[in-house]
Amino acid sequence: MVADWIQKLLILQDRDTRCDSIRRQLDDIPREIQKEEVAIGQLEFALAEKENGLKALEVRRLELEGDVAEAEEHIIKYKTQQMQVKKNEEFTALENEIKNLQSSISDLEDKELQVLEDIELYQSELEKLSQLTKEQKHTLEAHIQLLKDNFTSFQSELKAAGEAVEACAKEVDESVLQQYKYVKGQVKRPPVVVQLEDGRCQGCHLKVSGDIESTTRRGKELVRCDSCGRILYFDR
Ligand SMILES: [Zn+2]
């Protein structure tokens with residue numbers, strides 16, 4: 001049995017604690033949503049990187065094709081010139097140019113083959129990554145939606161819990177209510193109202209003075225622990 005006014009204070013504390021717990025969960029949600037949004041951004045970035053890598057390879061392939069075409073044009077030009085030259089050494093010089101160009105065409109074509117292999121590899125990697133990204137994004141987006149739904153339901157829970165606190169706060173004596181609020185602001189962690197057991201405060205577990213113990217036992221007035229400041233009550 002506890003004194004009637006203590007009983008009311010304990011109910012208030014219980015409802016108030018519930019409010020605080022809902023509030024904490026509400027506070028956490030935007031952070032959690034942001035975390036998931038960052039994760040989505042990272043997935044999209046990785047995919048875009050891969051796409052850009054593939055685009056760069058395509059550009060490289062076109063460049064190599066252009067270089068080959070250009071070298072081939074030069075060969076045609078030199079061959080035409082060969083038909084018009086009169087001196088042997090001029091003919092040989094052109095012949096050397098043509099050989100050089102043919103050898104560089106062969107190098108360019110080797111490079112082109114390598115780029116084509118890389119493109120194929122990139123395409124298959126991109127396909128896998130794109131599928132994986134799609135799945136992971138879907139999971140993250142579903143979680144974000146769940147968090148948003150929770151936010152809405154926590155908001156209405158908080159409203160109801162807040163009304164419950166107000167309803168029982170009306171039952172508590174004004175000076176007791178003020179003390180409760182004051183102590184709540186002072187203590188590092190809940191609860192604010194704690195039981196006195198074997199002369200020890202159940203908030204800080206330290207022994208209280210004999211005076212405090214006997215006043216708490218009487219249950220007539222509000223008493224606070226002389227160590228941690230919590231409000232004490234005695235259950236006989
Ligand atoms: Zn204490």
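**Close-up views of a predicted model**

**View 1. V85, a partly exposed loop residue.** V85 has a relative accessible area of 25%, so it counts as partly exposed. This is a predicted model. V85 sits in the loop that connects α1 and α2. Apart from neighbours within four places in sequence, the contacts of V85 are E90, F91 and L94. R60 and V85 are separated by 25 residues in sequence, and their C-alpha atoms are 37 Å apart in space.

**View 2. Q82, a buried residue of helix α1.** Q82 belongs to helix α1. The relative accessible area of Q82 is 10%; the residue is therefore classed as buried, the limit for that class being under 20%. With neighbours within four places in sequence set aside, Q82 touches F91, L94, E95 and I98. F91 and L94 are also among the contacts of V85.

**View 3. The negative surface patch.** Seven labels mark this view: D67, E70, E72, E73, D107, E109 and D110, which together form a negative surface patch. Helices α1 (4-84) and α2 (88-169) each contribute at least two residues to the patch. The most comes from α1, which supplies 4 residues.

**View 4. E73, an exposed member of the negative patch.** E73 is one of the residues that form the negative patch, and its place is in helix α1. E73 is classed as exposed because its relative accessibility is 58%, where the class requires over 50%.

How values were computed: Residues are numbered from 1 along each chain as its sequence is written. This is a predicted model: local features need pLDDT of at least 70, side-chain atom pairs count only at pLDDT 80 or more; totals for chains, interfaces and linings use all residues. Side-chain values use heavy atoms; hydrogens and water are left out. Patches are made of residues with over 30% relative accessible area and no salt bridge: like charges are joined within 9 Å, nonpolar side chains (Val, Leu, Ile, Met, Phe, Trp, Tyr) within 5 Å. Accessible areas come from the Shrake-Rupley method with a 1.4 Å probe; for residues, only the protein chains shown count as cover. A salt bridge is a side-chain nitrogen of Lys or Arg within 4 Å of a carboxyl oxygen of Asp or Glu. Lys and Arg count as positive and Asp and Glu as negative; His and the chain ends are not counted. The place of a charge is taken as NZ of Lys, CZ of Arg, CG of Asp or CD of Glu. Buried means under 20% relative accessible area, exposed over 50%, partly exposed in between (1.4 Å probe, protein chains only). Contact means heavy atoms within 4.5 Å.
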